[in-house]
Amino acid sequence: MSDYILKTNQLSKKYKNKMAVDKVSMSIKSGSIYGFIGQNGAGKSTLIRLITGLAYPTDGTFELFEKKSGQELIATRKRIGTIIEGPALYPQMTAVENLEAHRLLKGIPGKEGIIKTLEIVNLQDTGRIKVKNFSLGMKQRLGLAIALLGDPEFLILDEPINGLDPMGVVEIRELLKKLNHEYGITILISSHILSELHLLATHYGIIHNGELIEQLSAKELNEKCQLYIHIKVDDLNKATAVIETQLATRAFEVMPDGTLKLFAFTDTPGKVSKILTDAGLIIEEFMPMGEDLETYFSHLIGGVKNG
Amino acid sequence: MGNLIKTEWYKLKKDRSFRFLTLMLLALSVLFPLIEFDNGGPNLPLVKDYYLESILATHNNIVKLIPSILAGFYISAEYAMGTMKSIASSGNNRIKIYFAKLIVFSIGTVIISLILPIFMTGTSAIYFGFEELPAWSFYFGTIGLIVLYGAAFASIMAFFSIIFTDSGKTIGFLLMFFIFIDWPLQVLAAKVPIFEPVVNHSVFKLIYDISIVSSLGGSELFKLVLVPIVTFFVFGILGSFIYLRKEIK
């Protein structure tokens with residue numbers, strides 16, 4: 001059995017003259033949480049729609065649970081739970097009725113799973129309240145409950161934390177971690193809240209203008225996210241001269257706000273501060289820092305570093 | 001396929017438009033003959049005449065127009081709610097999904113179509129007396145044909161509902177289509193001889209023959225039964241093909 005739940009090979013989708021997805025080759029390992037990152041219109045949702053069978057590729061192939069095409073591929077989608085561009089709910093029904101409709105659709109025997117799933121997302125007490133009267137956060141959680149119905153092996157969640165309040169975001173994050181750690185569910189999650197993805201994902205795929213520009217593990221990302229020392233002193237010119245002469249490095253960047261980013265000596269910040277102080281400089285700010293996912297993403301798509 | 005039909009049936013039972021339309025027609029069944037009863041005095045109509053002139057005559061419009069509203073809310077609204085995405089990505093074959101939807105929508109249409117012929121006949125018998133009921137063979141013959149034509153029109157409605165992704169557009173189009181289709185078809189049949197047999201053998205024309213079923217010969221009767229069955233499958237296959245190819249947004 002393959003280690004991969006999903007593999008795409010040069011997968012492409014063209015709408016009129018625009019390549020919405022352009023030769024994307026990505027792979028999602030079993031047991032991973034794959035953070036799918038991209039700007040609005042980058043091609044995330046289109047790729048998810050291709051995988052879930054809502055749209056058809058113009059070119060390329062993909063394997064889902066090692067199934068490539070035909071009825072077998074369609075049937076493998078029973079092993080998937082999805083939220084695609086918002087939760088799919090019947091507003092006139094209650095939470096239980098919504099789950100019942102989806103239980104019948106998926107052909108899941110027995111109604112026991114419905115209450116269990118509602119408990120997981122903390123909606124077990126909604127009773128006769130119709131979904132049209134739910135808050136956005138409740139709708140998102142019900143959408144997640146529907147995706148979880150039938151114990152799927154693979155969750156595809158397109159912007160699942162949209163509209164949630166901070167507590168709701170934390171709840172969903174913890175829930176997804178639990179599903180991944182305790183039940184071994186593989187998760188593909190797209191979100192524009194990169195700080196959240198950074199707390200969750202074990203792997204990342206970065207898509208831009210339809211192209212997958214990078215695919216890396218969380219470990220690789222952490223290694224790539226450059227550590228630096230953020231420095232603010234009373235005399236910037238003197239500080240750069242001291243660093244160049246006494247620390248013998250040019251691995252720094254002068255920022256427009258008059259601060260310095262020193263990319264060397266990150267493991268010995270004490271030595272740097274001593275040299276600057278000994279040179280008579282007054283240190284106003286001094287902090288070892290690292291790039292976050294947002295900065296890394298911005299640098300990668302060329303939006304910030306050259307700005 | 002069984003689970004898909006169960007799902008669709010579950011949704012139909014919960015559909016507010018279906019419940020409303022059913023209740024509205026039931027209320028009409030009770031109240032409409034009451035007006036006749038109230039106005040009629042000693043000259044109350046015979047139930048068999050009332051069935052022919054008031055119920056079957058009205059039925060032609062009921063079977064075409066009222067289910068058009070249901071089609072918009074029951075089928076097209078799934079696109080707007082996003083539930084069509086979860087259905088299409090549920091791991092079921094799209095042709096089966098379409099036919100499950102069509103079968104249950106047809107059942108809904110047939111239920112709506114049968115309310116007046118069954119309940120209004122019943123209430124009119126209560127109001128006017130049980131002496132002169134329609135002949136059972138005629139009555140059940142017309143009921144059977146209403147079922148067939150209801151399913152045939154449901155198939156046409158489902159075909160358009162799957163093309164339009166908005167319930168308002170679907171309802172507007174279907175109402176306009178069924179209100180005005182007879183006239184252009186008649187003109188087409190008169191002006192272009194090649195279309196005449198097509199129009200004369202269409203459900204749009206033959207539905208008006210239900211009330212004269214007792215006077216039809218063997219071949220005419222066969223045609224009256226066969227055409228809605230063929231229509232149901234032709235539009236069912238066309239609709240399923242469109243749904244199979246359709247990208248769901």
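These legends go with several close-up views of a predicted model.

In this predicted model, local features need pLDDT of at least 70 and side-chain atom pairs count only at pLDDT 80 or more, while totals for chains, interfaces and linings use all residues. Residues are numbered from 1 along each chain as its sequence is written, and chains are lettered from A and ligands numbered from 1 in the order in which they are written.

**View 1. Chain B is built from helices.** Chain B has 11 helices and zero strands; here helices are DSSP runs of H or I with at least four residues, strands are runs of E with at least two, and both are numbered from the N terminus. Its C-alpha trace spans about 60 × 45 × 30 Å along the principal axes. For 249 residues, a compact globule would have a radius of gyration near 18 Å, and the 19 Å of chain B agrees with that. (That radius is taken over C-alpha atoms, and the globule rule is 2.2 Å times the number of residues to the power 0.38.)

View 2. The model scores ipTM 0.83 and pTM 0.82.

**View 3. Chain A meets chain B.** Here 29 residues of chain A are in contact with 20 residues of chain B, where contact means that C-beta atoms, placed from the backbone, lie within 7 Å. On the chain A side, α2 (70-76) and α3 (95-106) are the elements that give two or more residues. The largest share, seven residues, comes from α3(A).

**View 4. A look into the largest nonpolar core.** This core has 134 residues, and those with the most contacts inside it include A:Leu142, A:Ala145 and B:Tyr149. A nonpolar core is a set of buried Ala, Val, Leu, Ile, Met, Phe, Trp, Tyr and Cys residues joined through C-beta atoms within 7 Å. Buried means that 20 or more other C-beta atoms lie within 10 Å of a residue's own, with C-beta atoms placed from the backbone. Helix α3 (residues 47-81) of chain B gives the largest share of this core, 16 residues.

**View 5. Zooming in on A:Ala145.** Leaving aside neighbours within four places in sequence, A:Ala145 is in contact with A:Leu99, A:Thr117, A:Leu118, A:Ile120, A:Val121 and A:Leu123.

Terms used: Contact = placed C-beta atoms within 7 Å. Buried ≥ 20, exposed ≤ 12 C-beta atoms within 10 Å, placed from the backbone.
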